[in-house]
Amino acid sequence: MALPPSLERIVKKFQRASSNKLRYEQLLWYAKKLPDFPEAEKIPENKVYGCQSQVYITANLNDGKVWYQGDSDAQLVKGLVALLIEGINGLTPEEIEQITPDFIQETGLKASLTPSRANGFYNIFQLMKSQANAYANSN
């Protein structure tokens with residue numbers, strides 16, 4: 001399954017980074033770009049469980065496409081959240097359902113993520129997919 005163009009661009013950007021340090025810097029850049037997350041949305045229903053840091057994700061359906069917002073109290077994790085949001089925002093629930101988290105290996109990030117961060121990434125991704133899936137099933 002081919003990645004959506006936005007996610008493909010992100011993967012290529014990380015592949016061009018020649019070291020783990022540059023990939024981390026790129027993640028931190030994504031974290032800084034993430035729009036502010038409303039405090040009122042930091043509720044248990046939006047929390048990603050299984051992460052050491054506090055992570056929140058919301059999803060809204062607009063014209064058949066899913067739009068996410070997210071936040072984390074840890075900068076590298078916030079970068080992962082931002083990467084995922086930029087990569088899959090504006091896709092239909094069906095398109096999101098087709099994506100597997102394996103693309104993280106293509107970025108070169110997985111090798112430099114601690115096991116708990118890698119696990120957190122998968123938990124964030126799974127929550128985003130289940131939110132999209134809820135919209136797909138409500139049609």
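1. Ile124 touches Val48, Cys51, Val55, Ile57, Val77, Val81 and Leu84, with residues up to four places away in sequence left out. Contact here means heavy atoms within 4.5 Å. The model is predicted: local features need pLDDT of at least 70, side-chain atom pairs count only at pLDDT 80 or more, and totals for chains, interfaces and linings use all residues. Numbering starts from 1 along each chain as its sequence is written, and side-chain values use heavy atoms, without hydrogens and water.

2. The largest nonpolar core has 38 residues. Such a core is a set of buried Ala, Val, Leu, Ile, Met, Phe, Trp, Tyr and Cys residues joined through side-chain atoms within 4.5 Å. Ile57, Tyr68, Phe103 and Ile124 touch the most other members. At least two residues each come from α1 (5-16), α2, β1 (55-62), β2 (65-72), α3, α5 (103-107) and α6 (115-137). Helix α3 gives the largest share, nine residues.

3. How do α2 (residues 20-33) and α3 (residues 75-88) cross? Their axes come within 7 Å, at roughly 75°. That makes α2 roughly perpendicular to α3 (65 to 115 degrees). On the α2 side, the contact includes Tyr24, Leu27 and Leu28. Leu76, Leu80 and Leu83 are among the α3 residues they meet as a group. The residues of this contact divide into nine nonpolar, two polar and three charged.

4. Gln26 lies in helix α2. Is Gln26 buried or exposed? Gln26 counts as buried, because its relative accessibility is 16% (buried is under 20% relative accessible area, with a 1.4 Å probe and protein chains only). Neighbours within four places in sequence aside, Gln26 is in contact with Lys13, Phe14 and Ala17.

Technical notes
Axes fitted to C-alpha atoms, helices over the stretch in contact; angles between N-to-C directions. Helix = DSSP H or I, 4+ residues; strand = E, 2+ residues; numbered from the N terminus. Parallel < 35°, antiparallel > 145°, perpendicular 65-115°, else oblique. Nonpolar A, V, L, I, M, F, W, Y, C, P; charged D, E, K, R; others polar. Buried < 20%, exposed > 50% of the residue type's maximum accessible area, 1.4 Å probe, protein only.
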